[in-house]
Structures are given as structure tokens and as C-alpha cells.
Amino acid sequence: MGKINTRSDSLDSKSNRKFEKKLHFYSKVKDAVASLTAQKSIAKKNNQQKRRQKKLKAYNLSSLLESLPELKAPRKPCNEDNIKLNCTSRQKLVLKEGQRLSDIFKDLSFQMDPLAAIHQHLLSTRPVVEVEEQPKKKRVNTNGSKKRKNKSKAGAGQQSMDM
């Protein structure tokens with residue numbers, strides 16, 4: 001982009017002005033590109049910070065904790081459940097459970113009616129969970145098309161064919 005001096009002085013001044021204009025234009029373009037890249041990097045950093053803050057907000061469950069009802073302290077599990085079963089502890093457990101089973105077989109109520117005895121034992125040891133049955137809601141047709149009602153008739157035709 002350098003200029004070549006092959007013309008006279010009158011044309012030389014015109015070419016000098018053209019050359020200066022080009023240099024001025026290129027410097028403006030260079031400055032604009034530099035400022036845009038700087039703005040882009042700043043915007044990128046801001047977006048990253050916003051994403052991090054959103055993630056932190058998502059992991060902050062203190063508001064959920066405040067809205068939940070307080071629960072009683074959980075029961076401590078039995079020590080028997082936490083014991084690792086190795087050979088000796090397994091043998092002790094088998095002996096202990098075998099003794100309990102023989103005691104159950106000797107029980108008069110179990111001998112009279114085993115199922116009733118088991119049922120009574122379960123009622124006394126386990127809490128009764130009451131399940132409220134809610135009527136099933138029919139699904140509403142959302143796409144506006146009509147459902148076929150001929151399915152039951154087609155099913156009856158299939159049964160007669162199988163005979």
C-alpha cells in the first residue's frame with residue numbers, strides 16, 4: 001500500500017491526500033475492531049458470571065427448607081442392621097433366628113391358625129397405613145380429535161374368530 005513517486009508534484013499532492021485518507025480509514029477500522037472485541041470479551045465475562053450466579057441460586061435450598069414442615073428426628077437404626085455379616089456373626093444370627101422360629105412353632109395360637117397368628121403379629125408390629133383412594137381423573141382430549149369408540153366392537157369380533 002505504499003505510494004509510488006512517478007508523477008509530477010500536482011498529482012503527487014493528490015495522491016498524498018488519497019494515501020492519507022486510506023491510512024486514516026484503516027486506522028478507524030482497526031480501532032473499531034479492537035473496541036468490538038473488547039466489548040465482546042466483557043459481555044462474555046458478564047454472561048459467565050450470570051450463569052454461575054444462576055447455578056448458585058439453583059443449589060440454594062434454604063427457601064425450600066423454610067417452607068417444608070418440621071419432622072421428628074429420624075429413628076436410629078438397630079445395631080443388628082449395621083453389623084457386617086462375617087462367618088461367626090452369620091452363625092450366631094442363624095442360631096438366634098432358629099431359636100425364635102422354634103418358639104413360634106411351639107406357640108399355641110400359631111398351631112391353631114398360623115395365618116391368623118402371622119396377621120396378628122404384623123398388625124401389632126407394623127403401623128397401619130391408610131391410603132385414601134382418589135377417583136381416577138379422565139384424561140381430556142387435548143388435540144381436539146374424536147376418539148374411536150369402535151375398539152370394543154373390534155375386540156369382540158376377534159374373540160369370535162379365535163373360537
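A: Patches here are made of residues with over 30% relative accessible area and no salt bridge, where like charges are joined within 9 Å and nonpolar side chains (Val, Leu, Ile, Met, Phe, Trp, Tyr) within 5 Å. Accessible areas come from the Shrake-Rupley method with a 1.4 Å probe, and for residues only the protein chains shown count as cover. A salt bridge is a side-chain nitrogen of Lys or Arg within 4 Å of a carboxyl oxygen of Asp or Glu.

The model is predicted, so local features need pLDDT of at least 70 and side-chain atom pairs count only at pLDDT 80 or more, while totals for chains, interfaces and linings use all residues. Residues are numbered from 1 along each chain as its sequence is written, and side-chain values use heavy atoms, leaving out hydrogens and water.

F25, Y26, V29 and V33 form a nonpolar patch on the surface, and together they have about 360 Å² of accessible area. One of them, V33, lies in helix α1, helices being DSSP runs of H or I with at least four residues, strands runs of E with at least two, numbered from the N terminus. V33 is partly exposed, with a relative accessible area of 46%; buried means under 20%, exposed over 50%, and partly exposed in between (1.4 Å probe, protein chains only).

A patch of positive charge gathers K40, K44, K50, R51, R52, K54 and K55 on the surface; Lys and Arg count as positive and Asp and Glu as negative, with His and the chain ends not counted, and the place of a charge is NZ of Lys, CZ of Arg, CG of Asp or CD of Glu. K55 lies in helix α1, residues 9–59, and is exposed at 54% relative accessible area.
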